Amino acid sequence: MKLPPAVVCLLLILVCFDAARVEARGTPSAQGSRNQWSSMFVFGDDFVDNGNRPNITGEKTSRQWSYPYGSYLNSHYSTSPVLTGRFSNYRMQSDFIARMLGLHEAPPAYELTEDQSCDSSGMTFASGGAGVFKVKTKKVPTLAAQVQTFKRLVKDGVISTHQLHHSVALIAISGNDYMSDSDIETGFYTSFDDLDTYVGNVATEILDNVAQLQMLGVRKVLVNNLHPIGCTPLHTSSNNYTTCDLLGNYGASVHNKYLKQMLEERDNVHILDLYTAFTNIINHAPGGGSAESKNFKGKLTPCCESAYKGGYCGERSHSGKRLYDLCETPDKMFYWDQTHPTHAGWEAVMKALQQPLMEFLDEDYVA
């Protein structure tokens, strides 16, 4: 998720400046947890969208509904493709968290659920491309709009109090607010304080929506911090997928600093440290890194990429010709496409985050 050049430079200086200033159905028991979490509600963007973004034939924004998305495990996988609307080759973050809760996979997408109903395992409201603020070129619900939809279902009694009191919420905001078509690109920032205010406002919006969910009765809230966006293939392609973009990663650090300041002391909230988990796998110092890091031969290279500049994974010509290149072993690649991890990548990340997550779920609810 690429930051505009002018913005990333300002973010870099801001960091230094601040341093000086000081589908779903499953068993309702969490694996390894003494608590019972039978429902999960998912909010955010493409890191956790499992079918809310509509399928519009031929549109880049609908690539998640095209093969090889959703069901590409290896080059010899012969089963008919199962298109699920996920931005990965199979499972993604919310699926792995759901398994930790004892569910089979992430709860069903809101847009694919019958009106005035909610699965016992919960619901996914996240939509690919979403952020906390409106993105002008994408008609997707903001985080606040997703929470408002959830609130309406609670008010209408579709989601019961009992279900809320046995629920965990996940908020995944992964950088769309800092992309080239966001407010940060079109805003007029003349000082460090202006930029400081924008980044702070993104974090504040996340905080406000966490508070809304808690007021509605959700017992535990998980919040992603920002992954090292400078390590995504979108950034590393310019140097042949060899090194991460430091400016992009500094930008993520600024975001994470604000998020931590606002959320770390809040009861019943846990920050999922994607930044550290990703870094320990794909951008660690020589000789370092996590045990999972050794399982990936391709850490900064995508498994699926367009055969030409400006194209996208899953694209085909009018005659049906494939316009993308596909690796043979996605289980050895951390990134699936230009911005999203593979099934194996997410599995490694969530393995690293599982212990603190489960410890958080085991903690008593603070009323």
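How many of the six residues of β1 are buried? In this predicted model, six of the six are buried (under 20% relative accessible area, with a 1.4 Å probe and protein chains only), so β1 is largely enclosed by the rest of the structure. Helices (H or I, at least four residues) and strands (E, at least two) are DSSP runs numbered from the N terminus. Residues are numbered from 1 along each chain as its sequence is written. Because the model is predicted, local features need pLDDT of at least 70 and side-chain atom pairs count only at pLDDT 80 or more, while totals for chains, interfaces and linings use all residues; side-chain values use heavy atoms, leaving out hydrogens and water.

In a regular strand, side chains alternate between the two faces of the sheet. From β1, Ser-39, Phe-41 and Phe-43 point one way, while Met-40, Val-42 and Gly-44 point the other way. Strand β3 (residues 167-172) runs parallel to β1 and is joined to it by six bridges, where pairing requires at least two DSSP bridges between strands. Phe-43 has Ile-171 of β3 as its bridge partner. Strand β2 (residues 122-124) also pairs with β1 in the parallel sense, over three bridges, and here Val-42 is partnered by Thr-124.

The loop between β1 (39-44) and α2 holds Gln-64. Is Gln-64 buried or exposed? With a relative accessible area of 0%, Gln-64 is buried. Leaving aside neighbours within four places in sequence, Gln-64 is in contact (heavy atoms within 4.5 Å) with Arg-53, Pro-54, Tyr-69, Gly-85, Arg-86 and Phe-87.

Definitions and conventions. Buried means under 20% relative accessible area, exposed over 50%, partly exposed in between (1.4 Å probe, protein chains only).
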